[in-house]
Structure formats: C-alpha cells, structure tokens
2 protein chains.
Amino acid sequence: MSDEAGVLAANGAFYAAFADGDFGAMDGLWARKAPVACVHPGWPPMQGREKVIGAWQGILQNPPRPAIRPFGEHVMMLGDVGVVVGFEIIGNVTLVATNIFVREDGAWRMVHHQAAITDRTPGSADARRSLH
Amino acid sequence: MSDEAGVLAANGAFYAAFADGDFGAMDGLWARKAPVACVHPGWPPMQGREKVIGAWQGILQNPPRPAIRPFGEHVMMLGDVGVVVGFEIIGNVTLVATNIFVREDGAWRMVHHQAAITDRTPGSADARRSLH
C-alpha cells in the first residue's frame, strides 16, 4: 500500500470510528508517542493525549452522537507525516477538516484534527470575503 | 535555535508578512518542493502552490487588508514537520488556526494553513456542543 493510500485508510478509519461511536478504535487511532492536539468546532484547542482522548470519549459515548460522512479528501505526504484536507457532513452542516497523521510503530496514527463549519464546498462559488 | 523555536519563528514571519501586506515575504515563506494547501475561512480548500499563492496575492495586495495579530501559539514537532495551533485576532473576530511547516533547504517553510472563526479562546468556558 502506498503511503498516500495508508494515510487515507487511517483517515477513513477515523471517520468510521466516529460514525460507529467506537471509542476503542478512536483511542487506538491516535498517536501514543508523538504529541497530539485537536480543535473541535466551538471548542478551544486541546493539547495532549489525555485531554484529546477524553473529549472523544465524551463525544462518542454520550448521545446524541451526530452521524458523520467524509468526502472530498485530499492527501499531502511530507515524509513520515501525512496531511488530509477534506469535508465532513454532519446532519445538514458541512465542515472542512485538517487531519494530520504520523508513521508510528509501522502504522499511520493521528496527531491532529481541526474541523470547522464552512459554507464552501468544492461545487460552490469561489467567492472572496474580506476576512482573509 | 531549537526546531520548536525555528518553527515558531516561521509562524511569526507568516503573521508579520500578513500584517505588513508583504507578498514577497509571504511567497518566500511557502514551500517550493513540498505540496501545499490552504483553507481560508469562508473559502473552499485550495491545493497547489499556484492557487495558494495567488490567493495570498489577492488578500495582501487588495485593500481593505485586515489587521491580524496571533496569540496563544502551541507547537508540536514531528521530525522535519512542525505544527502550530494558535489563535488569530482580526478586528473583533477571533480565529483558530492550524499552520504546518516542513524543513526545506535548511529553512522552515509553510505547507498548510487552516483558519476558522471561533468563539472559544483559552480563557473561555470549555462548553460542550453537540456538533462534535
């Protein structure tokens, strides 16, 4: 499997764990040696595995857990680091996410996730706003 | 200079180029060999140096250019990749950003920027929302 395919598979496993509410899979997906961080929409950034995993536990184990579907993923390889930029659909809301993976013990493990609500999908007009 | 300090210096140079409207500095800061991407708030994701730099040219050279001030940066090192998560103040709006840098030709160069409007700063309550 190419590095790109491996990173996209890990990215898919992240969304599958999210969709399935599978906390064990989510926990296993995040890096254990490399530093980790996470920015959920509407939350302040979190740093460190304990905080990041604790937040996922709350999200995945406390209903209502929103359905989630990824699309439009684009991967960039930077040696042993892979970056996936893509969209997420949660209910009627579209988000854009940056997911970062690192090669750790032969597996691609997550080190960072930032998701933010957007109204700009690949098919929408490339309108320019004044706010950078 | 430590890797962390080098990455934070590059992150500072990014915001200085933004604040100063210095397109030459901004252009020089982005990687030339590694793949690049950028997600501005309210825009669809952009991939590739030509699109990313073209957008920065529009932002920096077409008034009104918003004032910008970074704060609360946190850096994570992943070998030859550095990730900075931090806040940006643009006018009365607070954004949270993920900035990714790669070591290229002995310099830390930018490969990705995602910024999104947030109402959660380090001092704000860690309120939980249902939207992950």
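Visitor: In strand 6 of chain B, which residue is the bridge partner of A37(B)?

Guide: This is a predicted model, in which local features need pLDDT of at least 70, side-chain atom pairs count only at pLDDT 80 or more, and totals for chains, interfaces and linings use all residues. Residues are numbered from 1 along each chain as its sequence is written, while chains are lettered from A and ligands numbered from 1 in the order in which they are written. Strands (E, at least two residues) and helices (H or I, at least four) are DSSP runs, numbered from the N terminus, and two strands pair if DSSP finds at least two bridges between them. Strand 1 (residues 37–39) of chain B runs parallel to strand 6 of chain B, with three bridges, and the partner of A37(B) in strand 6 of chain B is H112(B).

Visitor: How many of the 11 residues of strand 6 of chain B are buried?

Guide: A residue is buried if 20 or more other C-beta atoms lie within 10 Å of its own, exposed if 12 or fewer, and partly exposed in between, with C-beta atoms placed from the backbone. Strand 6 (residues 107–117) of chain B is mostly covered, and its buried residues number nine.

Visitor: Which residues have the most contacts inside the largest nonpolar core?

Guide: A nonpolar core is a set of buried Ala, Val, Leu, Ile, Met, Phe, Trp, Tyr and Cys residues joined through C-beta atoms within 7 Å. Two residues are in contact if their C-beta atoms, placed from the backbone, lie within 7 Å. Beyond its neighbours within four places in sequence, V111(B) has contacts that include M76(A) and L78(A), as well as I100(B) and V102(B). The largest core has 80 residues, and those with the most contacts inside it are V111(A) and V111(B).

Visitor: Which strands stand at the edges of the sheet in chain B, and why is one side of each left without a neighbour?

Guide: The open sheet of chain B has six strands in the order 2-1-6-5-4-3, with mixed pairing. Each edge strand has a single partner strand, so one side of it has no neighbour in the sheet; these are strand 2 (46–47) and strand 3 (69–78) of chain B.

Visitor: In strand 4 of chain B, what is the bridge partner of V75(B)?

Guide: Strand 3 and strand 4 (residues 81–90) of chain B pair in the antiparallel sense over eight bridges. The partner of V75(B) in strand 4 of chain B is V84(B).

Visitor: How far apart are the end C-alpha atoms of helix 1 of chain A?

Guide: The expected span of a helix is 1.5 Å times one less than its number of residues. Helix 1 (residues 3–20) of chain A has 18 residues and should therefore span 26 Å; the separation of its end C-alpha atoms agrees, at 25 Å.

Visitor: Which residues of helix 1 of chain A are buried?

Guide: The buried residues of this helix pack against helix 2 (23–29), strand 3 (69–78), strand 4 (81–90), strand 5 (93–104) and strand 6 (107–117) of chain A. They are V7(A), L8(A), A10(A), N11(A), F14(A), A17(A) and F18(A).
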